[in-house]
Each structure stands twice: as structure tokens, then as C-alpha cells.
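I opened the model and went through it element by element. These are my notes, in the order I took them.

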Amino acid sequence: MQSPDTLYQHAVAAYHHAYAPYSNFSVGACIETSRGTLFTGCNVENASYGLTICAEATAITSMVAAGEQTIQQIAIVVTGPGVSSPCGACRQRIFEFATIDTSVHLFDLHGAHKTYTVGELLPAGFGPRDLTIQHNLRKTPAKPDAT
Ligand SMILES: [Zn+2]
């Protein structure tokens, strides 16, 4: 498992790619998956504000698009001073692909760092286990026959 500082460095690189001309609130994120792969993301705003995508969401989307679905740990960096927690929607997004013990490392660019677990950020969260179709979740779709 990578150190939180390594995830921080990757999250900062993504932070610098953030597109946040309206809020000037840039965010970078870095996920380490259960396979040890790192995926980064940044927030992407839009003149139609409701279309804005959070850094955590872009990182998770990249992870899933690459065929991975398990977050081992995640780092999120904001300008600061002071760290910021993921928004409610992103807590739910992280919960979908993590466990309640998964570490969420929050950083700012000034050296502040706090670590929470997913369970601390979203206690009693609703997730895949609550759905009766859970046997269909987290399975790679069958590949077509090679015949
Ligand atoms: Zn968010």
C-alpha cells in the first residue's frame, strides 16, 4: 500500500489540472485500488453549474472505466488553509466502491492532513448490500463466446 504522502503528490498533480473558473475551488483526488493502481481526478466545472463534476467522481469514473472497482484508500487535496471533506454525493460514491474501514486522507496545500474512515464520513450509509440484486453487482460482464 502506498503512503498517504504518495497519494497526496498524485492528487496535487491532478489538482493543478482542475477546471474551476467559477468557484476558484480546485480539488484533486487520488485513489489507490485493491490492485495498487493509482487513479487521479480533478473537479470539472461548467457554466451550467449543475453539470459540475467533483474530483472524487472523476477519479472513480476513471477507475471503473479501467476495469477496477475497489478503493483501498483515497486522498483529496484542496487549496486550504484547512482540509475539506468530500461532499455528500461523493461520500456516497466512495461508499459504493470501498468498505467502512477504507481510509480517506484529506489534505490542503499548506500541510494540513486529516484521515477519516468511510464509516466515519458516512455512518449507516446505504450501499450495494442494501439492494436485493446484490448478486448482480461487482461482476464483470461475461465476455462473448470466442466461437
Ligand atoms: Zn463531491
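I count two strands as paired if DSSP finds at least two bridges between them. Helices (H or I, at least four residues) and strands (E, at least two) are DSSP runs, numbered from the N terminus. The model is predicted: local features need pLDDT of at least 70, side-chain atom pairs count only at pLDDT 80 or more, and totals for chains, interfaces and linings use all residues. Residues are numbered from 1 along each chain as its sequence is written.

**Entry: hairpin.** I looked at strand 1 and strand 2 and found a hairpin with 4 residues between them. Glycine 36 sits in the turn, with a positive phi of about 90°. The two strands are antiparallel and share 5 bridges. Opposite alanine 29 I found glycine 41 of strand 2.

**Entry: overall layout.** I listed 4 helices and 5 strands in the protein chain. Read from the N terminus, the order is α-β-β-α-β-α-β-β-α. For burial I used C-beta atoms placed from the backbone: a residue is buried with 20 or more others within 10 Å of its own, exposed with 12 or fewer, and partly exposed in between. By that rule 33% of the 147 residues are buried. For contacts I took C-beta atoms, placed from the backbone, within 7 Å. Of the contacts between residues at least 6 apart in sequence, 60% join residues at least 24 apart.

Entry: The 5 strands make an open sheet in the order 2-1-3-4-5, and the pairing is mixed. Which strands stand at the edges? They are strand 2 (38–42) and strand 5 (113–117); each has a single partner strand, so one side of each has no neighbour in the sheet. Neighbouring strands are turned by 20° against each other on average, direction ignored. Axes here are lines fitted to C-alpha atoms, for helices over the stretch in contact, and angles run from 0 to 180 degrees between N-to-C directions. Strand 3 (residues 71–78) runs parallel to strand 4 (residues 103–108), with 6 bridges between them. I checked valine 78: its bridge partner in strand 4 is aspartate 108.

**Entry: helices on the sheet.** Helix 1 (residues 4–15) packs on the sheet and touches strand 1 (27–33), strand 2, strand 3, strand 4 and strand 5. Its direction makes about 135° with that of strand 1. Helix 2 (residues 55–65) also packs on the sheet, touching strand 1, strand 2 and strand 3. The direction of helix 2 makes about 140° with that of strand 2.

**Entry: burial.** In helix 1, I noted Pro4, Leu7, Tyr8, His10, Ala11, Ala14 and Tyr15 as buried. Their cover includes helix 2 and strand 3. Strand 2 has 4 of its 5 residues buried, so the rest of the structure largely encloses it.

Entry: Most residues other than glycine have a negative phi, and most peptide bonds are trans. I looked for exceptions. Glycine 80 and proline 81 are joined by a cis peptide bond, omega about 10°. Proline 81 lies in the loop between strand 3 and helix 3 (88–96). Asparagine 24 is not a glycine, yet has a positive phi of about 55°. I placed asparagine 24 in the loop between helix 1 and strand 1. Buried or exposed, then, is asparagine 24? It counts as exposed, with 9 C-beta neighbours inside 10 Å. Alanine 124 has a positive phi too, near 55°. Alanine 124 lies in the segment after helix 4 (118–121). It is exposed, with 6 other C-beta atoms within 10 Å.

Conventions. Contact = placed C-beta atoms within 7 Å.
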